[in-house]
Amino acid sequence: MTSEPRDAPYPELKKTHTMAYKGRPWTDYKPPPAAPVWAAIEGLGRYYILLAALELDVFDTIQETGPSTVESLAEALDVPVGHLGSLLDGVVALGLLDQFVDVYELNDTAKRYLVSDGPATMADLVAVAPGPHENWGRLAETIRNGTPSTPIEDDPAAFYVPLVEGTFTTMFRCASRADLRIRYSALENPRVLDLGAGGAPWSIAILKACAHGSAVINDLPGIIEVAEAKTAEHGVADRCELRPGDFHAIDIEDAAYDIVILGHVCRTEGQDGARHLIERAFKALRPQGRLLLADYFTDVERKFNPHAVIMGTTMMASTKKGSTFTHQQFSEWLRDAGFAQIRLIEPIGFQQCFVATRPDPIRRSSPPGP
Ligand SMILES: C[S@@+](CC[C@H](N)C(=O)[O-])C[C@H]1O[C@@H](n2cnc3c(N)ncnc32)[C@H](O)[C@@H]1O
């Protein structure tokens with residue numbers, strides 16, 4: 001009678017990881033866990049759990065009601081109890097709500113980032129930050145074709161208006177905190193140029209700190225209106241000139257500005273486009289003027305900052321030329337353009353910014369006296 005072969009737990013390993021193959025001392029081989037694969041699979045569900053909670057107003061409602069049972073939340077939100085319970089448990093599993101027995105309540109993360117009036121709210125950002133969702137479903141096709149089928153450049157206002165409204169709180173906090181590192185508030189009457197300004201968080205922070213400062217604010221038509229509204233809301237519109245158009249092509253005065261901002265604009269432009277913007281910034285600055293270049297940067301091996309690495313993939317998925325670059329690449333491009341005193345600051349977590357100075361022109365030393 002032939003016996004059935006035994007079902008070995010890891011048949012592929014049994015062939016090579018036995019005492020017969022390894023000799024003594026023989027160490028058992030522990031196969032790698034499947035957790036990274038599950039993390040990727042669950043990533044999709046995690047994202048849509050958060051998005052649904054925001055769309056249903058879960059966080060704002062719990063802020064109003066205080067700690068609540070699923071029954072009372074279902075009544076407040078007018079949705080079925082069973083489905084809502086499943087969603088809330090998912091949000092708890094994500095660490096974005098607390099739950100004690102059958103009562104759900106906001107935790108510190110939700111209070112800060114997910115209620116719509118939280119001090120660092122990201123509530124409006126969640127839906128737009130990954131780019132158009134349909135582009136993720138076509139990622140393999142984008143890689144085969146070398147370009148996304150619906151790049152954001154085809155309809156920039158549709159993508160950027162909600163994006164820059166959603167990122168304003170974070171970028172404004174970053175720009176305000178940057179003063180602790182670069183002391184723009186010490187400038188008497190700085191002239192600022194903000195290219196691809198979005199809601200103009202950097203210009204607004206600088207103008208609020210410098211009562212006699214002024215700014216030229218650029219963005220594309222259809223998007224620059226966000227800056228128009230935000231500068232009015234913050235009471236600095238009378239010191240701002242709006243200059244709509246493509247930042248590669250608009251007229252820019254030479255040696256006229258104390259500060260030029262390139263805030264999260266380089267990563268859509270490809271290497272040549274990013275270098276062109278840096279060169280334009282250099283020409284626009286007065287000697288001793290400073291460029292502030294904020295973006296997500298990767299380390300030289302593109303391994304140690306997964307946030308920036310995945311942002312690069314996100315750019316590839318939805319833009320024609322976008323990707324992230326390394327700190328080293330930016331440092332070299334800044335030096336090549338003529339900048340000096342290049343340093344990197346991180347005004348708030350995850351938000352880094354190069355600060356680079358246009359040096360004084362080299363003065364010819366006077367000829368030796370008689
Ligand atoms: C990621 S947002 C950054 C907004 C803002 N600078 C900030 O730091 O929050 C990029 C901005 O660049 C603008 N932009 C993209 N391409 C542009 C172009 N060719 N000319 C002018 N602005 C452009 C977009 O409309 C958008 O407002």
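Residues are numbered from 1 along each chain as its sequence is written. In this predicted model, local features need pLDDT of at least 70 and side-chain atom pairs count only at pLDDT 80 or more, whereas totals for chains, interfaces and linings use all residues.

The protein chain contains 15 helices and 10 strands; helices (H or I, at least four residues) and strands (E, at least two) are DSSP runs, numbered from the N terminus. Along the principal axes, the C-alpha atoms of the protein chain fill a box of roughly 110 × 65 × 40 Å. The domain assignment gives domain 1 (35-115) and domain 2 (145-357), with bounds that come from an automatic or database domain assignment. The centres of domain 1 and domain 2, taken over C-alpha atoms, are 34 Å apart.

Of the 370 residues in the protein chain, 33% are buried. A residue is buried if 20 or more other C-beta atoms lie within 10 Å of its own, exposed if 12 or fewer, and partly exposed in between, with C-beta atoms placed from the backbone. Among contacts between residues at least 6 apart in sequence, 63% join residues at least 24 apart; a contact requires C-beta atoms, placed from the backbone, within 7 Å.

The ligand is surrounded by 19 residues, and the closest are Y160, M171, G196, G198 and G263. A residue is near a molecule or strand if its C-beta atom, placed from the backbone, lies within 6 Å of it. The shell around the ligand comprises 11 nonpolar, six polar and two charged residues. Here Ala, Val, Leu, Ile, Met, Phe, Trp, Tyr, Cys and Pro count as nonpolar, Asp, Glu, Lys and Arg as charged, and the others, Gly among them, as polar. Helix α10 (residues 156-182) gives the most to this shell, with five residues.

G196 lies in the loop between β4 (191-195) and α11 (201-209). G196 is buried because 23 other C-beta atoms lie within 10 Å. Leaving aside neighbours within four places in sequence, G196 is in contact with N218, D219, F247 and V265. Between G196 and H83 there are 42 Å, C-alpha to C-alpha, at a sequence separation of 113 residues.

An open sheet of three strands has the order β1-β3-β2, with antiparallel pairing. β1 (68-69) and β2 (98-100) stand at the edges, each with a single partner strand, so one side of each is left without a neighbour in the sheet. Two strands pair if DSSP finds at least two bridges between them. The antiparallel pairing of β2 with strand β3 (residues 103-105) runs over three bridges, and D98 stands opposite E105 in β3.

Strand β10 (residues 351-357) pairs with β9 in the antiparallel sense over five bridges, and A340 has T357 in β10 as its bridge partner. The hairpin of β9 and β10 has two residues between the strands, and F350 takes a positive phi near 75° there.

Most residues other than glycine have a negative phi. Q341, in strand β9 (residues 340-348), has a positive phi of about 45°. Q288, found in strand β8 (residues 285-295), has a positive phi near 75°. Q341 counts as exposed, with 11 C-beta neighbours inside 10 Å, and Q288 counts as exposed with 11 such neighbours inside 10 Å.

Conventions:
Contact = placed C-beta atoms within 7 Å.
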